[in-house]
Amino acid sequence: MKISVIGAGGRVGSNCVLNIGKIFGKKKNENIKNIIAMIDIPQTLNSMKGMAIDIKDAIMNDVEIFASDDRSDIENSDIIVITAGKPRGPGMTREQLVFENAAIVKDIAKDIGKFSPDSKIIVVSNPMDVMTYIVYKTLYEIYRKKSNEVIGMGGVLDSMRYKKFIAEAFNCSIKEVSGAIVLGQHGEGMVPLKSTVRIKRKKLNKDDEKKLDEVIEKTINAGKTIADFGASAYFAPSVAVAKMVNAIINDTHEILPCSTLASGIYGIDGVFIGLPVRLGKNGVEEIIELKIYDEEKNKIREAGKNLKNMIENLKFLP
Ligand SMILES: NC(=O)c1ccc[n+]([C@@H]2O[C@H](COP(=O)([O-])OP(=O)(O)OC[C@H]3O[C@@H](n4cnc5c(N)ncnc54)[C@H](O)[C@@H]3O)[C@@H](O)[C@H]2O)c1
């Protein structure tokens with residue numbers, strides 16, 4: 001089995017290699033050779049070679065890890081993770097990265113079409129829902145790529161953050177919180193759900209749901225809080241990517257909030273947006289329609305409109 005990480009010389013990419021490497025050797029079939037290709041631009045090649053050695057020392061698994069600045073080295077990948085592109089700086093929104101990163105991911109998608117068109121693809125680069133759409137659209141046009149094989153990572157991370165903030169606000173163990181699910185856009189139009197949250201398996205009463213307003217605000221601003229310190233998130237995002245990779249390589253069929261192509265759900269069509277999906281070896285197996293409040297559906301619909309506008313604005317890209 002082979003996984004390629006494009007953008008692996010960066011912070012999210014290199015940590016993805018580490019976290020994927022940790023789960024990779026645990027795959028049941030001992031006869032399968034596990035390979036991780038770290039792909040980035042020539043300027044990062046040397047440092048990536050060093051990272052590959054360091055990561056191999058850390059994971060202590062039977063995984064071959066190699067660094068390359070040649071995109072043809074992604075050939076025959078089972079999964080490709082795209083983390084290439086600019087991260088946001090202090091005071092920036094994810095949406096402000098759109099033009100620069102759109103050109104980068106479009107170019108990468110063309111090479112995926114050339115060298116490894118059948119891979120499952122996990123897109124991380126921001127603004128993630130739009131970048132996922134671009135990767136899919138590019139591959140669909142040249143190769144009729146199936147939409148369920150292109151998946152965006154955002155909701156898994158946002159849901160981890162939401163769960164942590166709920167545990168803090170209700171002064172309980174994080175293990176007692178369930179149903180902390182974030183749908184919609186990975187960005188300003190994020191929709192952390194109130195309707196699904198349970199503490200010690202109990203639904204919240206109206207007062208407790210009110211208490212979630214502040215938690216939701218913190219969740220929406222979680223990435224910005226980190227960026228405003230002059231840092232950027234990469235430990236948690238890479239753990240979130242590894243969770244999705246695990247669902248695919250081990251065919252777990254678990255339900256995770258991922259960016260996927262909506263076709264009619266909540267009245268949304270033709271955009272990639274965060275929805276609960278069942279993930280397995282074929283990628284997205286099913287989009288799950290949860291019973292949620294009408295106001296939550298409206299917010300998700302609104303996020304869908306925002307995403308459509310962003311895509312419209314990109315039409316002039318070559
Ligand atoms: N979806 C999420 O939840 C989430 C979370 C965190 C970060 N991100 C996004 O992930 C991206 C990477 O963040 P980071 O902190 O790792 O940034 P980084 O600057 O540390 O790494 C980006 C890497 O991409 C590489 N790169 C640039 N152009 C490339 C190309 N054409 N081909 C191959 N590699 C290329 C760079 O050389 C660099 O190594 C950003 O867009 C960031 O906003 C998304």
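So, secondary structure to start: this protein has nine helices and 14 strands. Do keep in mind that we're looking at a predicted model. The radius of gyration is 19 Å, close to the 20 Å from the globule rule for 318 residues, so the protein is as compact as a globular protein of that length. If you draw a box along the principal axes, the C-alpha atoms fill roughly 55 × 45 × 40 Å. Of the 318 residues, 48% count as buried. And among contacts with a separation of 6 or more, 73% are between residues 24 or more positions apart.

Now, the domains. The assignment gives us domain 1, residues 2–152, and domain 2, residues 155–312. Their C-alpha centres lie 22 Å apart. How many residues of domain 1 are in contact with domain 2? The count is 36 residues of domain 1, against 33 residues of domain 2. On the domain 1 side, the elements giving two or more residues are α1, β4, β5, α4 and β6. The largest share, eight residues, comes from α1. By class, that side of domain 1 divides into 20 nonpolar, eight polar and eight charged residues.

The peptide bond from Asn-126 to Pro-127 is cis, with omega near -10 degrees. Pro-127 is found in the loop between β5 and α4.

That brings us to α4 itself, residues 128–143. This helix has 16 residues and reaches 22 Å from first C-alpha to last, close to the 22 Å expected at 1.5 Å a residue. Following the helix comes Arg-144, which has a positive phi, near 55 degrees.

Next, a cysteine. Cys-258 is found in strand β12, residues 254–263. Is Cys-258 buried or exposed? It has 30 other C-beta atoms within 10 Å, and 20 or more is what we call buried, so Cys-258 is buried. Setting aside neighbours within four places in sequence, its contacts include Ile-151, Gly-152, Met-153, Met-244 and Leu-279. Val-277 is also among those contacts; it is 19 residues away along the chain, with a C-alpha separation of 6.4 Å from Cys-258.

Asn-171 has a phi of about 50 degrees, and its place is in the loop between α5 and β7. Asn-171 is exposed, with 6 other C-beta atoms within 10 Å. Lys-200 has a phi near 50 degrees and sits in the loop between β10 and β11. Lys-200 is exposed as well, with 11 other C-beta atoms within 10 Å.

Key: Residues are numbered from 1 along each chain as its sequence is written. This is a predicted model: local features need pLDDT of at least 70, side-chain atom pairs count only at pLDDT 80 or more; totals for chains, interfaces and linings use all residues. Helices (H or I, at least four residues) and strands (E, at least two) are DSSP runs, numbered from the N terminus. The radius of gyration is taken over C-alpha atoms; the globule rule is 2.2 Å times the number of residues to the power 0.38. A residue is buried if 20 or more other C-beta atoms lie within 10 Å of its own, exposed if 12 or fewer, and partly exposed in between; C-beta atoms are placed from the backbone. Two residues are in contact if their C-beta atoms, placed from the backbone, lie within 7 Å. The expected span of a helix is 1.5 Å times one less than its number of residues. Domain bounds come from an automatic or database domain assignment. Ala, Val, Leu, Ile, Met, Phe, Trp, Tyr, Cys and Pro count as nonpolar, Asp, Glu, Lys and Arg as charged, and the others, Gly among them, as polar.
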